[in-house]
Amino acid sequence: MNPIISWTGNQHSLTVSLGDIDIATYTFDATDVPLESPRPFFHPLRTTAGEVVSVYRPWDHVWHKGLAWSLPNFGEDNFWGGPTYRRDSGYAALPNNGRMRHERILDSGIDGGGFRFSHQLSWWTEAGRHVVDESRTVRINASAKADVWTLSFDTAMTNVSGADIRIGSPTTEGRENAGYGGLFWRGPREFTGGKILGPDGSQGEALRGARAPWLAFVGQHDETCQYSTVLIRDAADNAQHPPEWFARSEPFACIGPAPFFSKEVPFRAGELMVNKYAVVIADGGSNSDRLGNLARLAEEVLQYGRGEGGL
């Protein structure tokens, strides 16, 4: 019998457990300082064996928060945190770090044996302008295999600023191959030097900027010396599918589908922008066959809301 999913929560965060392991904490009402662009984030994320596969406020980039939806070049504003890259001046600390403010919970609880949480957010610039209303839903499910669980992430953003906004990245501002922005995962420090893996046996730093429906990272843990796998899949109906990816193994571990990597995307006044992703957290390393199975499980999650996958 698979372990039962349960959850607890308070006014700022919730934690989902699988059996006696707390596999995910979602801080939906962040209280970070303005420089770090307060926004919801997942940390810690753990495998079913209890291995932590995320990092919070690493010293090199304190605005990195586990797994989070973060946009560094949102018009003139920064919903990523830290300095902003501009074509003529490079990185600079600007008075433009916005925040994603939790407004209210729409739905929460156990649904079909998994966990579901929906909430409403509003986006505010540092200058106090209300620019986006967002509805966000996350789901967490166990898999048929005891060593895998899945997280789905759905965001529906409406431009309420009254003006068109162009969403880009440092690359659209002129920094080569630095198109980060979107759903971004930062791995723990010990994953540095791990493996970036993609479809058809592709791997390595060359996948940064490449287009693919999914990408994975395999890292090794200190103390236990065990391996873990994180895979993220982009939904086929996302506007920029298949996306370009931001991925690194050195000097730190990270992957993220980056829909605004190399070309600015106009976000029209009043427009609704929807993006959906599936994240698979698995114990152990993964060869190409296992990655294919995990990618299919992620596709099932995106299509049906949960993966039944007999992995």
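Me: In what order do the eight strands of the open sheet run, and how do they pair?
Reply: Strands are DSSP runs of E of at least two residues, numbered from the N terminus, and two strands pair if DSSP finds at least two bridges between them. In this predicted model, the order is β9-β10-β11-β12-β21-β17-β16-β15, with antiparallel pairing. The edge strands, β9 (99–111) and β15 (195–197), each pair on one side only.

Me: Which residue stands opposite Ala156 in β12?
Reply: Ser135 does. Strands β11 (residues 130–142) and β12 (residues 148–159) share 11 bridges in the antiparallel sense.

Me: How is an aromatic pair described?
Reply: The description uses the distance of the centres and the angle of the planes. Rings of Phe, Tyr and Trp (its six-membered ring) pair if their centres lie within 6.5 Å; planes under 30 degrees apart count as stacked, over 60 as edge-to-face and the rest as tilted. Tyr180 and Phe246 are edge-to-face, at 5.4 Å centre to centre and 75° between the planes. Tyr180 lies in the loop between β13 (165–168) and β14 (182–186) and Phe246 in β18 (residues 244–248), so the pair ties together parts 66 residues apart in sequence.

Me: Is Phe246 buried or exposed?
Reply: Buried means under 20% relative accessible area, exposed over 50%, and partly exposed in between (1.4 Å probe, protein chains only). Phe246, at 6%, is buried, and Tyr180, at 10%, also counts as buried.

Terms used: Residues are numbered from 1 along each chain as its sequence is written. This is a predicted model: local features need pLDDT of at least 70, side-chain atom pairs count only at pLDDT 80 or more; totals for chains, interfaces and linings use all residues. Side-chain values use heavy atoms; hydrogens and water are left out. Helices (H or I, at least four residues) and strands (E, at least two) are DSSP runs, numbered from the N terminus.
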